[in-house]
Amino acid sequence: MDSKSEGRESACNIVDEVARRSYGKLVAFLAVRSHDVAAAEDALSEAFTSALVDWPVNGSPSNPKAWLLTVARRKLIDFVRRNRFNESGSEALDLLVGDTEIAFDSEIPDRRLALMFACAHPAVEAGIRAPLILQVILGLDAKRIASAFLTSPAAMGKRLVRAKDKIREAGIPFRIPERKELPARLETVLDAIYATYTEGWSEPGETNAVRNDLTEESIFLARLIIELTPEEPEALGLLALVLHAEARRHARRNGNGEYVPLAEQDLTLWNWQLIEEAETLLQHASAFEIIGRYQLEAALQSAHVYRRRTGQANWKEVVQLYDVLFSLTGSPVVAINRALAIAEIHGASAALHNMPDLSADGLSEYQPYWATRAALLARTGARDEARHAYRIAIGLERDDSVRRFLRQRLSLLD
């Protein structure tokens with residue numbers, strides 16, 4: 001490889017790393033000043049493009065984030081000058097031109113929570129708030145977000161554009177709300193943090209750097225929320241939930257990188273310190289006697305840990321927890337997991353009767369639906385139907401190691 005190619009590859013790697021680790025921080029810094037999320041995203045996108053042209057020729061800067069932010073800020077100033085003639089535009093321009101916070105030798109201030117709460121404002125359509133946070137904080141495209149929220153990419157894309165326009169047109173402030181305003185927006189922010197964690201959790205094994213960044217960032221944000229709202233049981237429940245999941249990180253793959261399901265994981269690889277912290281958080285949350293989704297999800301994780309640690313079956317209690325969770329959320333994902341628990345008590349046929357209807361939004365493209373259906377059909381002896389469901393699940397799965405796991409299950413039918 002010649003020096004020019006090496007320089008281009010090095011620049012691409014640095015740009016990828018900055019985008020992965022700092023996209024949300026950079027967008028938030030720009031959006032808080034411009035009051036325009038879409039313009040901040042466009043300016044940052046142009047800055048990344050400029051970096052791919054400049055850095056291979058002139059070398060990567062010592063502080064890539066500050067370089068990108070400086071270039072994006074200039075582009076944003078040009079945009080505001082071209083398009084803003086009202087009072088809010090003048091205010092945004094004054095903030096951008098007079099900004100003295102950017103320094104090449106200092107850390108960029110973190111304004112992500114302010115941006116997240118702006119996206120969670122009541123003026124924004126309720127159903128798009130969490131997806132909007134995912135896009136502006138993580139830089140995920142509409143297709144990826146649509147998959148997470150079981151909807152079509154086209155519909156998701158249009159709703160995201162409308163939401164950004166609403167934030168600009170309504171002049172929604174980019175700040176952490178007063179304490180009395182927090183409850184109305186907190187649920188959305190918690191949903192987005194959890195979606196961030198699950199996006200990292202489900203990343204294919206070959207992209208562990210991306211996965212680790214997303215999970216670490218979501219845990220950091222969850223802890224930050226608790227500092228803001230230490231007596232909010234659902235915030236405590238969310239952190240307990242993600243810590244329970246994170247505690248099993250190193251047990252999800254064996255030494256060869258192959259997927260290992262929960263029932264077969266090596267308990268010595270679990271992080272028991274994180275599990276104990278999660279249990280403490282869950283107990284603290286329960287003291288408020290206000291049941292919520294994340295507390296129930298964390299309680300389910302706690303029940304799975306108890307069963308694996310003691311060897312005592314507790315499936316009745318698990319089904320009861322799923323019953324309450326389903327009554328709160330009506331989620332088809334909850335219904336799928338509930339069916340698996342029912343199978344342990346009443347058998348696979350009963351579980352199949354309790355599976356959600358395939359006509360539910362997004363289920364036809366949802367891999368766990370087909371993998372669960374395949375496993376249950378196999379247990380009833382319906383091999384042809386099970387093979388069909390396994391093949392669909394394999395086709396929908398992104399992770400090579402999970403695909404291999406599913407293929408092994410399929411091969412057992414033969």
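The legends below describe several close-up views of one predicted model.

In this predicted model, local features need pLDDT of at least 70 and side-chain atom pairs count only at pLDDT 80 or more, whereas totals for chains, interfaces and linings use all residues. Residues are numbered from 1 along each chain as its sequence is written, and side-chain values use heavy atoms, with hydrogens and water left out.

**View 1. The chain as a whole.** The chain holds 19 helices and 0 strands, where helices (H or I, at least four residues) and strands (E, at least two) are DSSP runs numbered from the N terminus. Of its 414 residues, 48% are buried; buried means under 20% relative accessible area, exposed means over 50%, and partly exposed lies in between, with a 1.4 Å probe and protein chains only. Among contacts (heavy atoms within 4.5 Å) between residues at least 6 apart in sequence, 64% join residues at least 24 apart.

**View 2. The nonpolar cores.** A nonpolar core is a set of buried Ala, Val, Leu, Ile, Met, Phe, Trp, Tyr and Cys residues joined through side-chain atoms within 4.5 Å. The largest such core has 90 residues, and Leu 115 and Ile 225 are those with the most contacts inside it. Helix H1 gives the largest share of this core, 11 residues. A second, separate core of 26 residues includes Leu 363, Ala 386, Val 402 and Phe 405. Leaving aside residues up to four places away in sequence, Ile 225 touches Leu 113, Phe 117, Leu 186, Val 189, Leu 190, Ile 193 and Ala 235.

View 3. On a 1 Å grid over the protein atoms alone, a cavity is a set of points where a 1.4 Å probe fits but cannot get out, and lining residues have an atom within 4 Å of a point. Grid points are joined across faces, edges and corners, and a volume is the space filled by probe spheres set on the points. By this rule there is 1 cavity of 30 Å³ or more, and the largest cavity holds about 40 Å³ of space. Its lining is formed by Met 116, Ile 133, Ile 137, Ala 192, Ile 193, Thr 196 and Leu 221. Helix H6 (129–138) and helix H9 (182–201) each supply at least two of the lining residues, and H9 gives the most, with 3 residues. The lining divides into 6 nonpolar residues, 1 polar and no charged, where Ala, Val, Leu, Ile, Met, Phe, Trp, Tyr, Cys and Pro count as nonpolar, Asp, Glu, Lys and Arg as charged, and the others, Gly among them, as polar.

View 4. Helix H6 is mostly covered, with 10 of its 10 residues buried. Its buried residues include Arg 129, Pro 131 and Gln 135, together with Ile 133 and Ile 137, which also line the largest cavity. Gly 139 follows H6, and its phi is positive, near 75 degrees.

View 5. At 1.5 Å a residue, the 14 residues of helix H17 (residues 367–380) should span 20 Å, and the end C-alpha atoms are 20 Å apart, which agrees; the expected span is 1.5 Å times one less than the number of residues in the helix. Among the buried residues of H17 are Tyr 369, Trp 370, Leu 376 and Leu 377. The buried residues of H17 pack against helix H15 (332–346), helix H16 (348–353), helix H18 (383–396) and helix H19 (400–412). Gly 381, whose phi is positive and near 90 degrees, follows H17.

**View 6. Two loop residues with positive phi.** His 35, found in the loop between helix H1 (3–34) and helix H2 (37–58), has a phi near 60 degrees, a positive value in a residue other than glycine. With 22% relative accessibility, His 35 counts as partly exposed. Glu 289, in the loop between helix H12 (272–286) and helix H13 (293–310), has a positive phi near 55 degrees, again in a residue other than glycine. Glu 289 is exposed, with a relative accessible area of 72%.

**View 7. Gln 265 and its contacts.** Gln 265 is found in the loop between helix H11 (233–246) and H12, and is buried, with a relative accessible area of 6%. Apart from residues up to four places away in sequence, Gln 265 touches Arg 248, Ala 251, Arg 252, Val 260, Trp 270 and Arg 308. Gln 265 and Arg 308 are 43 residues apart in sequence, with their C-alpha atoms 9.2 Å apart in space.

Terms used. 1 Å grid on protein atoms, 1.4 Å probe; cavity = no way out; pocket = protein on both sides within 12 Å on 5 of 7 lines; lining within 4 Å.
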